[in-house]
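Please keep the sequence and the model in view while reading.

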Amino acid sequence: KDSLWNYVQSATGARDEAGLDTAATHLARAVAVVGVSVVTFLLVKKAPGHVRNRPGPREPPSLPLPEPVAVGVPAGSAGVLPGDS
């Protein structure tokens with residue numbers, strides 16, 4: 001329980017990468033002690049309402065897809081895997 005509390009305090013107060021590394025260490029310790037399911041439940045249950053109820057990520061911009069490329073298969077080799085005789 002202390003590791004999880006230390007994680008929350010470290011993560012919210014981190015000002016640089018070293019602070020985030022410290023938070024990650026506390027989170028890893030908490031997960032090792034009680035398991036992923038318990039830590040996830042506690043973090044979601046204890047999260048303030050404004051964090052849990054935020055809208056999800058925006059839709060990514062649509063990007064043009066590359067044109068498909070035809071790939072030829074040598075005659076008589078369809079369905080034959082390397083090493084098959």
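Leaving aside neighbours within four places in sequence, Tyr7 is in contact (heavy atoms within 4.5 Å) with Ala23, His26, Leu27 and Leu43. The model is a predicted one, in which local features need pLDDT of at least 70 and side-chain atom pairs count only at pLDDT 80 or more, while totals for chains, interfaces and linings use all residues. Residues are numbered from 1 along each chain as its sequence is written, and side-chain values use heavy atoms, with hydrogens and water left out.

Tyr7 belongs to helix H1; helices (H or I, at least four residues) and strands (E, at least two) are DSSP runs, numbered from the N terminus. Between the C-alpha atoms of Tyr7 and Arg29 the separation is 9.1 Å, although the two residues stand 22 residues apart along the chain.

Helix H1, which covers residues 2-13, also holds Ser10. Is this residue buried or exposed? Ser10 is buried because its relative accessible area is 17%, where buried means under 20%, exposed over 50% and partly exposed in between (1.4 Å probe, protein chains only). Not counting residues up to four places away in sequence, Ser10 touches Gly19, Thr22, Ala23 and His26.

Attention now turns to the surface. A nonpolar patch is formed there by Val33, Val34, Val38, Phe41 and Leu42, which together have about 430 Å² of accessible area. Such patches consist of residues with over 30% relative accessible area and no salt bridge, nonpolar side chains (Val, Leu, Ile, Met, Phe, Trp, Tyr) being joined within 5 Å and like charges within 9 Å. A salt bridge is a side-chain nitrogen of Lys or Arg within 4 Å of a carboxyl oxygen of Asp or Glu. Accessible areas come from the Shrake-Rupley method with a 1.4 Å probe, and for residues only the protein chains shown count as cover.

Which helices supply at least two residues each of the nonpolar patch? They are H2 (17-34) and H3 (36-46), and H3 gives the most, with 3 residues. Val38, one of the patch residues, is placed in H3. Val38 counts as partly exposed because its relative accessible area is 37%.

For the protein as a whole, there are 4 helices and 0 strands, following the pattern α-α-α-α along the sequence. Of its 85 residues, 12% are buried. The protein exposes about 7600 Å², of which carbon and sulfur atoms supply 61%.
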